[in-house]
Amino acid sequence: MAVTIKSKREIDLMRESCRLLAKVHEELGKAIEPGISTLYIDQLGDKLIRGYGCIPNFLHYQGFPASICVSVNDEVVHGIPRKERILQEGDIVSLDCGLIYKGYHSDAARTHGVGRISPAAQKLIDETRNSFFEGIKYAKAGRHLFEISNAIDDYVSQFGYGIVEDLVGHGIGTSLHEDPQIPNFRQKRRGMKLRAGMTLAIEPMINMGRGDVEWLDDDWTVVTEDGSISAHYENTILVTDGEPEILTLL
């Protein structure tokens with residue numbers, strides 16, 4: 001497993017890449033309201049990323065046709081933006097995107113409510129976010145990778161939610177997806193020992209119902225098998241000798 005340890009210079013470039021992405025997410029979050037299309041979100045995100053002098057790293061990645069993954073309700077991830085897909089009051093929408101700054105990638109995801117949403121939907125969004133923070137308590141030099149996975153699973157399982165197992169987090173740096181893979185569900189082994197200088201994209205994907213998913217005919221959009229809604233929360237973090245640094249939060 002080739003896991004990259006970033007130098008001080010590389011960490012500084014990753015910080016800036018991630019800071020800019022956090023600003024993009026902040027602006028996209030403000031734009032979410034009933035009546036807008038998912039294509040509008042993609043166009044706005046692309047404009048913001050390029051406005052910072054960066055490149056949207058999702059666009060054309062393995063053939064993906066957009067800069068922002070916009071996934072609504074039962075769509076878990078990789079929703080393709082469309083002009084005719086209009087957000088409605090009560091929907092939830094997950095935005096997953098990244099950018100390249102001077103050769104260094106960032107990656108983050110947020111789930112937003114559209115207008116007024118149900119308390120159950122809000123709880124799913126909140127607990128998905130909380131599970132990320134439970135996981136990164138173990139993202140420290142000297143701990144083991146799957147301690148992160150187990151902590152996320154332990155937290156989520158108490159609510160009876162389903163954890164998506166077909167998709168996982170990952171390392172990140174000069175490539176969008178690097179080693180190691182980071183499951184969000186319990187592992188039997190401890191996994192590799194973490195070292196300062198690792199940069200990881202940790203991203204719980206949590207379903208209101210079961211964790212089973214399937215792919216639509218577009219070969220991209222992942223949906224819950226039982227039709228339940230799904231939430232996604234992701235940040236790029238830096239492993240240090242102390243507390244992890246969350247790079248994609250302002």
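**Charged side chains of the chain.** In this predicted model, the chain carries 27 positive and 37 negative side chains. The centres of the two sets are 8 Å apart.

**Surface and interior of the chain.** Of the 250 residues, 56% count as buried.

**Fold and dimensions of the chain.** Four helices and 15 strands make up the secondary structure elements of the chain. The radius of gyration is 17 Å, close to the 18 Å that the globule rule gives for 250 residues, so the chain is as compact as a globular protein of that length. Along the principal axes, the C-alpha atoms fill a box of roughly 45 × 45 × 30 Å.

**Contacts across the sequence.** Here the contacts considered are those between residues at least 6 apart in sequence. Of these, 71% join residues at least 24 apart.

**Threonine 236 and its strand.** Threonine 236 lies in strand 14, which covers residues 235-238. The relative accessible area of threonine 236 is 0%, and buried means under 20%, so this residue counts as buried.

**Surroundings of threonine 236.** The side chain of threonine 236 reaches the backbone oxygen of aspartate 107 at 2.7 Å. Asp107 is also one of the residues that threonine 236 touches, when residues up to four places away in sequence are not counted. Also among them are Ser106, Met14, Cys18 and Ile172. Further contacts of threonine 236 include Leu200 and Ala201, as well as Glu245, Ile246, Leu247 and Thr248.

Methods
Residues numbered from 1 in each chain as written. Predicted model: local features only at pLDDT ≥ 70, side-chain atom pairs only at ≥ 80, totals over all residues. Heavy atoms only, no water. Helix = DSSP H or I, 4+ residues; strand = E, 2+ residues; numbered from the N terminus. Rg over C-alpha atoms; globule rule 2.2 N^0.38 Å. Buried < 20%, exposed > 50% of the residue type's maximum accessible area, 1.4 Å probe, protein only. Contact = heavy atoms within 4.5 Å. Lys, Arg positive; Asp, Glu negative; His and termini not counted. Charge placed at Lys NZ, Arg CZ, Asp CG, Glu CD. Polar contact = N/O pair within 3.5 Å; in protein donor to acceptor, adjacent residues only side chain to side chain.
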